[in-house]
Structures are given as C-alpha cells and as structure tokens.
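Work through the two exercises below with the sequence and the structure side by side, and try each task before you read its solution.

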Amino acid sequence: MVAALELYLDRDATRRIRVLWDALEAEGVQSMRSLLEQRHRPHLSLAVAPSFDPEQVAAALHGTVVAAPLRLDFQHAGQFVGRVLWLGPTPTPELLAHHRLVHDRLAAAGINLVEHYQPGRWVPHCTLSMRVPNALMAAAVRRCLEVLPLAATVVGAALTDHARGIAHPLP
C-alpha cells in the first residue's frame with residue numbers, strides 16, 4: 001500500500017462527492033466509500049510515497065501551511081489506466097505552485113516520492129473509484145457529470161496510510 005499527503009475539501013464539496021460515491025455504488029461501481037473499512041474521505045493527494053515517517057515529513061514541512069485555503073474548481077471527470085475514475089480540478093497556477101512547494105520540501109528532505117506525483121507529471125484529482133468495470137464506465141461517467149461543476153476550498157490536510165490506519169493532521 002502507499003502513504004499520501006492529502007488535502008481535504010470543505011463540507012459542501014465533501015458532501016456532494018460522498019453523494020456521488022453513493023450514486024456510483026447504486027450503479028454497481030465500488031467507490032472509495034467502501035474501500036478500506038470506509039476510512040477514505042474526499043481529497044486531493046499532493047504527494048504519495050511507499051511509506052512516510054511522520055516526524056521526517058513534519059520536519060520537512062515545518063513552517064509550511066499544507067492546508068492552504070486554495071479554491072478548487074472541479075470541471076471534468078477522468079480515467080487513469082486500470083479503470084480508476086476521478087474528478088479533476090482546473091490546475092490553477094496557485095494549486096501547481098503549492099504542489100511544487102510541498103513536493104520540493106519533501107524531496108529536499110530525502111523523502112522518496114512516487115514519480116507520477118512529481119511536479120510536471122502530477123494530475124490533480126479526487127479519486128472516486130479504483131476499478132470501474134468496463135461495462136459500467138459510461139454510467140459512472142454520466143453520474144460524475146451530474147455533479148459538475150463543483151467548487152471547493154481546501155480546509156485541511158493530513159499525512160495518511162489508510163492500510164495501516166495512520167492519519168496525522170498537518171497545518
């Protein structure tokens with residue numbers, strides 16, 4: 001499993017994405033709600049690694065407001081290889097600069113980050129389902145389009161490893 005540095009969304013956006021998770025489940029698509037004993041909450045991952053040492057991450061990010069109150073405007077649904085379904089915010093200069101700041105601080109501390117989350121390769125997204133059956137993809141995308149556009153504000157952040165039950169809030 002992997003560990004992630006997650007940005008959490010405001011109450012209304014979180015509620016709307018959870019309603020979407022329920023709608024996907026009603027279509028027969030396993031959503032993030034039902035994975036790992038319902039430990040997931042709607043989020044964007046800024047950084048992912050095979051594992052994180054919370055003390056090392058805290059030291060690397062000292063003085064950084066990870067939960068910067070960024071405005072996110074989700075405008076599209078997308079799919080990664082492996083049938084991963086997600087909602088994507090417009091990658092604003094502010095979001096990309098914040099991502100680079102956090103990534104650079106972690107990398108400078110020697111933290112080994114997953115390549116797909118590095119600046120220039122990162123696709124900002126909120127995962128909805130990890131494996132949509134091919135026959136259900138069209139219905140799942142239609143459900144996504146029902147909630148778009150979706151405005152959100154980042155209101156919190158945490159260092160997580162859901163498989164190990166770890167969630168460390170970050171400033």
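The exercises that follow concern a predicted model, and they treat a pocket and then a strand.

**Exercise 1.** Describe the largest pocket by its volume, its lining and the strands that contribute to the lining.

*Solution.* Begin with the space itself, which amounts to about 700 Å³ in the largest pocket. Next, turn to the lining, where 27 residues are found, and the closest of them to the centre of the pocket are V2, V48, Y117, T127 and M130. Then sort the lining by class, which gives 16 nonpolar, eight polar and three charged residues. Finally, look at the strands: β1 (3–9), β2 (43–49) and β6 (150–161) each provide at least two lining residues, and the largest share, four residues, belongs to β2.

**Exercise 2.** Determine whether the residues of β1 are buried or exposed, which way they point, and which strands β1 is joined to.

*Solution.* Start with burial, for which a residue must have under 20% relative accessible area; seven of the seven residues of β1 are buried. Now separate these residues by direction: A3, L5, L7 and L9 point one way from the strand, whereas A4, E6 and Y8 point the other way, and both groups are buried. After that, follow the pairing, in which β1 and β2 run antiparallel and are joined by six bridges, with A4 standing opposite V48 of β2.

Note on methods:
Residues are numbered from 1 along each chain as its sequence is written. This is a predicted model: local features need pLDDT of at least 70, side-chain atom pairs count only at pLDDT 80 or more; totals for chains, interfaces and linings use all residues. Side-chain values use heavy atoms; hydrogens and water are left out. On a 1 Å grid over the protein atoms alone, a cavity is a set of points where a 1.4 Å probe fits but cannot get out, and a pocket is an open set with protein on both sides within 12 Å along at least five of seven lines; lining residues have an atom within 4 Å of a point. Grid points are joined across faces, edges and corners, and a volume is the space filled by probe spheres set on the points. Ala, Val, Leu, Ile, Met, Phe, Trp, Tyr, Cys and Pro count as nonpolar, Asp, Glu, Lys and Arg as charged, and the others, Gly among them, as polar. Buried means under 20% relative accessible area, exposed over 50%, partly exposed in between (1.4 Å probe, protein chains only). Two strands pair if DSSP finds at least two bridges between them.
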